Amino acid sequence: MNYLTVENISKSYGELTLFQDISFSIHKDQKIAFVAKNGTGKTSILNILSGDDQSDSGNVIYRKDIKVSFLSQDPKFDEALTIEETIFASDSPILKIISNYEKALLNPNDSEAYQTAFDAMEQHEAWDFETLYKQILFKLKLEDLDQKVNILSGGQKKRLALANALINKPDLLILDEPTNHLDLEMIEWLEAFFAKENITLFMVTHDRYFLERVCNEIIELDEGKLHSYKGNYSYYLEKRDARIEQQAVETGKAKQLFKKELAWMRRQPKARTTKSKSRIDDFADIKHKAHQRRNDHEVQLELNMERLGSKILEFHKVSKAFKDKTILNKFEYTFQKGERAGIIGKNGTGKTTFLNILTQTAQPDSGKVIKGDTVKFGYYTQDGIRIKPEQKVIDVIREFGDYIPLKKGRQISAQQLLERFLFSRKKQYDFVEKLSGGERKRLYLCTVLIQNPNFLILDEPTNDLDIVTLNVLESFLLDFPGCVIVVSHDRYFMDKVVDHLFVFKGDGVIEDFPGNYTDYRIYEDSQPVISNATEVKKDNTSRKQNETSKLSFNEEKELKNVESKLKSLAFDKKELENKFNNPDLSQDVINKLSEELQVIIETIEAKEERWFELSAKLEE
């Protein structure tokens, strides 16, 4: 069933053409990711689909009577409303029924109104929906329903917009960077939600694990043309590389043909037959194909950064708190040369505060932070770049430096660095205010790197960056010889770049884990579920149930955890088995997939065995 058809849309701003004659369609149950470089029109296409912008040509046609929800990068709300009022302001009929029931509960004396509201809840089976919407708000950390929208942070507003979109249960959900402003726990919950819900998705996202686990199709806008891939991110990478390789072969053949045709053209044959005229007409097309050049850059820099001494950075019993919220509690750590640390934790656990104390832009309540004399920080913050009127891209970076020194007396200029981070020479002379949000983040990154730091601190560097730029940044960081600290919710990025993790647990507890994010998740999943004594005290109902149950509190929670994990593993197994349907798989890929499948099967068997043990105990 076709939900949406896009026919030959185009968009230009003055002389800049973002895209031209773009066509695609979205069908029921598709989960499509739209991938393109920053500045090529991803957000413009989403704005055209939502009606916030108009295309210069073409049509956008929606199927009649389908329900569509949009999540934009900059959601707009009535600032005077509360979170709950914002949710109930939706035009969803079932939400209005729940709203009436909530109001009836506040007026217990009006038994007639209560009965009417109760009957409506029963008639429309709204009880499960009420549970669902409260679960969504809880998972997105929007529990205080009476909180006014005008005091919410930008991240909270984005999460509220996401909650609104999910709660409306649309037929088609269109999302612009849905994982921005979500912590890792929220992202993993959202992945599972999309996996089990029958929602048709069209999204722009840079989160490659999210792409891998949620999407069943990827549409790429590359060099002004659309390419569709019927598979997840791994399949897309494989087929994209094959396409680019084939394109290079065809360009090589076109160059040989171009040389031959150019020699013929230069001879300027006097007799113009119909055949020769046709050959002359074809020459322009051959010339275009022969001169095609991809704007992809590999960052391979032998940096000659300032030498790091034996003393780099030391934390000695550092503590920090805000009122009753503890961020650090006598934290001790000594950084070593070449260290690559990732920082993860729920929003609000103090990750950015920790970075500010580390760079000495904020002071601890007690303890000392000792920085080595040779350390030169490069601090990429979430604030981004400050735009000055009439300032060009190249002028911004030259304020911070003209070149980076390389080994063997060589150097890379500001212009060359910008080129490696996908700013063409022409783009370098554009005004900064013309850049997209992602391009501004990329420029800001270049201003940090041009200063040639030997200790890089990156606070959410992947937000708003496209996948191509992320690959460039990862290549740079893998070759970077200094220390690196990264705060990021991008699990793929963390896995590729860091060697160990600081896990912010809250209340000043920081765990140093020796491995990347995937290692940490495997470790966490293997641990028995341990109850929090304070939570047990708060939940008297759960305690009473546990007293009469034949399972302990820990076993009750473990049983629920195992059941949830089995559902997730079953989904992963099915996804992996579907990959074997691809007839183009090489033997090496088949072997790798077989190994992954065997691991999942063994894990399922172990989990099922534990489920039977707990279930048998429950029935004794």
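Colleague: What share of the protein chain's residues count as buried?
Modeller: This is a predicted model. The protein chain holds 21 helices and 20 strands. Its accessible surface comes to about 32700 Å², and 48% of that belongs to carbon and sulfur atoms. Of the 620 residues, the share that counts as buried is 46%.

Colleague: Among contacts between residues at least 6 apart in sequence, what percentage join residues at least 24 apart?
Modeller: A contact here means heavy atoms within 4.5 Å. Among contacts in the protein chain between residues at least 6 apart in sequence, the part that joins residues at least 24 apart is 67%.

Colleague: How far apart are the end C-alpha atoms of helix H5?
Modeller: Helix H5 covers residues 126-139, which is 14 residues. The expected span uses 1.5 Å times one less than the number of residues. H5 should therefore span 20 Å, and the distance between its end C-alpha atoms agrees, at 20 Å.

Colleague: What arc around the axis of H5 do its buried residues cover?
Modeller: The buried residues in H5 are Ala-126, Phe-129, Glu-130, Leu-132, Tyr-133, Ile-136 and Leu-137. They lie on the same side of H5, because the arc they cover around the axis is only 160°.

Colleague: Which residues are exposed on the other side of H5?
Modeller: An α-helix has 3.6 residues a turn, so residues three or four places apart point the same way. The cover over the buried residues of H5 includes helices H2, H3, H4, H6 and H7. On the other side of H5, the exposed residues are Asp-128 and Thr-131.

Colleague: Which side chain makes a polar contact with that of Glu-217?
Modeller: Glu-217 is in strand S8. It counts as buried because its relative accessibility is 5%, against a cut-off of under 20%. Beyond its neighbours within four places, the residues in contact with Glu-217 include Gln-30, Lys-31 and Tyr-229. The polar contact, at 2.7 Å, joins its side chain to that of Ser-228.

Colleague: How long is the polar contact between the side chains of Arg-243 and Asp-222?
Modeller: Arg-243 is found in helix H9, residues 233-267. Its relative accessibility is 17%, so Arg-243 counts as buried. The polar contact between the side chains of Arg-243 and Asp-222 is 3.2 Å.

Colleague: How far apart in space are Pro-364 and Leu-328, C-alpha to C-alpha?
Modeller: Pro-364 sits in the loop between helix H11 and strand S13. Residues that Pro-364 touches include Val-318, Ser-319 and Lys-320. Pro-364 and Leu-328 are 36 residues apart in sequence, and their C-alpha distance in space is 8.6 Å.

Note on methods:
Residues are numbered from 1 along each chain as its sequence is written. This is a predicted model: local features need pLDDT of at least 70, side-chain atom pairs count only at pLDDT 80 or more; totals for chains, interfaces and linings use all residues. Side-chain values use heavy atoms; hydrogens and water are left out. Helices (H or I, at least four residues) and strands (E, at least two) are DSSP runs, numbered from the N terminus. Buried means under 20% relative accessible area, exposed over 50%, partly exposed in between (1.4 Å probe, protein chains only). The arc is that of the directions from the helix axis to the C-beta atoms. A polar contact is a pair of N or O atoms within 3.5 Å; within protein, one must be able to donate a hydrogen and the other to accept it, and residues adjacent in sequence count only if both atoms are side-chain atoms. Accessible areas come from the Shrake-Rupley method with a 1.4 Å probe; for residues, only the protein chains shown count as cover.
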